[in-house]
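Subject: Structure handover

Hello,

Here is the structure I promised to pass on. Please open it first, then read the notes below it.

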Amino acid sequence: MTATERGGSGRFTSALRAVPGVRAVTTYRREWLSKDIVAGVVLTTLLVPQGMAYAELAGLPAITGLYTSILCLLAYAVCGPSRILVLGPDSSLGPMIAATVLPLVAADGDPARAVALASMLAIMVAAIMILASLARLGYVAELISKPTMIGYMNGLALTILIGQLPKLLGFKTDADGLIDQCAAVVQGLADGRAVPAAVAVGCGGLVLILALQHWLPRVPAVLVMVVLAIAAVVAFDLGARGVSLVGVLPEGFPPLTLPRITLDDLGPLLAGALGIAVVSLADTISNASAFASRTGQEVRGNQEMAGVGAANLAAGLFQGFPVSTSGSRTAVAERAGARTQLTGVVGAALIVLMLVLVPGLFRHLPQPALAAVVITASLSLADVPGTVRLWRQRRVEFLLCVAAFLGVALIGVLEGIAVAVALSVLNVFRRAWWPYETVLGRVDGLPGYHDIRSHPSAAQIPGLVIYRFDAPLFFANARTFRDEVLKLARTEPEPAWIVIAAEPMTDVDTTAADVLEGLDETLNARGTHLVFAELKDPVRRKIERYELTRTIDARHFFPTVEAAVTAFRHRAPEDGSGVTAPDGRP
């Protein structure tokens, strides 16, 4: 073998080892095997009913939830960096998928077209995730602040709950939107459309899951409820009593399929894919951070995006729909002893065996039981204690939470995520637009200079004002800064120096530079000097590049506030307001 060939072989080997799945295989420990297999079996008991339930939440056939679960688990095992994160159909994405796909489906509600649209949606989400990973845009997850995310999830939880009530009670509605759905549920109950057997199965299943999760958290509540629901259907022939059943699932595994859609579908699908990608990314980074802190792993946001992108791509090519990480399923795997992604591989293999060998296993599973699974999942999305905490701790962020909630509840799921992102960005802009600003003074017993609002007794030096503006100076707040400084210049007695404690100023843009130039000229005309202290070097270089030192004296830049105060005390008498100089001259 030549040196060139050896070099090429070495590069290929290095590239191969960079794949998370390959790296996991090479570092796998034999003692982990039994734990991963047991955890995979336990996880499967949750993957199957939840996968089917979340598929129907997305407006798709139940079987697509199983196809999606299989492919995303296998793909993430190869491309995902986390050792134990579990991916799959998610309750938070279900309504977003439905809101994107169902309006595009023909009036006859063709399931095959719905599946094709959902699969293309997954491929689009994959493309967005992978491109964002290559561009290192992991920070996009931070576009949604926690208060707005809490409000969004609360609204999503309520939307899911109300939307599943008809299925839980045994009837159907054509209503769209939260208000109309509430009215339709009430009207259905008033018309006596609820099926007593369905109400018993659905409400009983809901109570059973909640009770087991509360008092016996180690018991697989969903599995127990599903088994008992199937047993009840068989024992009491509930299918003949009006209870809708899942029926026999298609046998085998779906072929590799490139979804066929029309050009008119691309715009709405892209809009939905962007919203789903943002929510999925935020959810993934949050779950990855939470579980990495327990296992000692480092969170790699860009690799996580690539892993989730690969999972969505695999699902989309095999009649699946968009997926995300699941905190609840990951927690189940962790409690069952999972050590690596082999847990997910075992779960995927067991689902494949079920589809091949016993496709009729869930033919007697009642639809109200699936509604109960979805409703319990929706309840876990809501964060009422977090909302109450916002009310107690910061009313502005509570109002943001409420606005995001109303955006989802009243406008729509997809529109709601746009509202949440917009509110988060506007909140950041608001803080920069109207930042905290204050005057500083000397406090007995404390070194340095401090906020006179926190220390009303702080002493100020006659002829000197020390002012702090806690934000970068840019086009939106430059005039606010100017107005506040001019207000200080008009106080009695008029100050000779206004010292800007500029450490919080991390930037000055060109608009702000023009405002500073005009401000300095105005102050000079009044006999007041604009002085900067603690200005960061990169910002100072920008000021020099803007040629502001033509008007702002280069000697009026100081490394610390203390240095500025010392210079003020020792200034020449013609440079100030007649305050006695150190040598005693007036």
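Predicted model: local features only at pLDDT ≥ 70, side-chain atom pairs only at ≥ 80, totals over all residues.

**What was found**

**Aromatic rings**

A pair of rings is described by the distance of the centres and the angle of the planes. The structure holds 15 aromatic pairs. One of them joins Tyr67 and Phe253 edge-to-face, at 6.5 Å centre to centre and with 70 degrees between the planes. Tyr67 belongs to helix H4 (residues 62–79), while Phe253 is in the loop between helix H10 (221–236) and helix H11 (263–295), so this pair ties together parts that are 186 residues apart in sequence. Is Tyr67 buried or exposed? Tyr67 counts as buried, because its relative accessibility is 6% and the cut-off for buried is under 20%. Phe253 is partly exposed, at 37%.

Next come Phe469 and Phe481. They also form an edge-to-face pair, with 5.3 Å centre to centre and 75 degrees between the planes. Phe469 is in strand S5 (residues 464–469) and Phe481 in helix H19 (residues 478–489), so the pair ties together parts 12 residues apart in sequence. Both Phe469 and Phe481 are buried.

Phe429, Trp433, Trp434, Phe474 and Phe475 make up one aromatic cluster.

**A covered helix**

Look at helix H5, residues 94–101. H5 is mostly covered, with 7 of its 8 residues buried. The buried ones are Gly94, Pro95, Met96, Ile97, Ala98, Thr100 and Val101.

**The second largest pocket**

How many residues line the second largest pocket? The lining has 45 residues, and Ser326, Gly327, Ser328, Arg329 and Ser380 lie nearest the centre. The volume of this pocket is about 1400 Å³. Several helices give two or more residues to its lining, among them H3 (33–57), H7 (146–169), H9 (196–215) and H15 (367–381). Helix H13 gives the most, with 6 residues. By type, the lining of the second largest pocket divides into 23 nonpolar, 14 polar and 8 charged residues.

**Cysteines**

The disulfide count comes to 0. Take Cys182: the nearest cysteine sulfur is that of Cys203, 16 Å away. That is too far for a bond, because a disulfide needs sulfur atoms within 2.5 Å. Cys182 is partly exposed, with a relative accessible area of 32%. Cys203 is partly exposed too, at 29% relative accessibility.

**Backbone points**

- The peptide bond from Glu492 to Pro493 is cis, with omega near -10 degrees. Pro493 is in the loop between H19 and strand S6 (497–501).
- Glu534 is not a glycine, yet has a positive phi of about 65 degrees. Glu534 is in the loop between strand S7 (529–533) and helix H21 (537–545), and counts as partly exposed at 27% relative accessibility.
- Glu547 also has a positive phi, near 65 degrees, in a residue other than glycine. Glu547 lies in the loop between H21 and strand S8 (557–558). At 45% relative accessibility, Glu547 is partly exposed.

Best wishes

Key. Residues numbered from 1 in each chain as written. Heavy atoms only, no water. Buried < 20%, exposed > 50% of the residue type's maximum accessible area, 1.4 Å probe, protein only. Helix = DSSP H or I, 4+ residues; strand = E, 2+ residues; numbered from the N terminus. Phe/Tyr/Trp six-rings, centres within 6.5 Å; stacked < 30°, edge-to-face > 60°. 1 Å grid on protein atoms, 1.4 Å probe; cavity = no way out; pocket = protein on both sides within 12 Å on 5 of 7 lines; lining within 4 Å. Points joined across faces, edges and corners; volume = space filled by probe spheres on them. Nonpolar A, V, L, I, M, F, W, Y, C, P; charged D, E, K, R; others polar.
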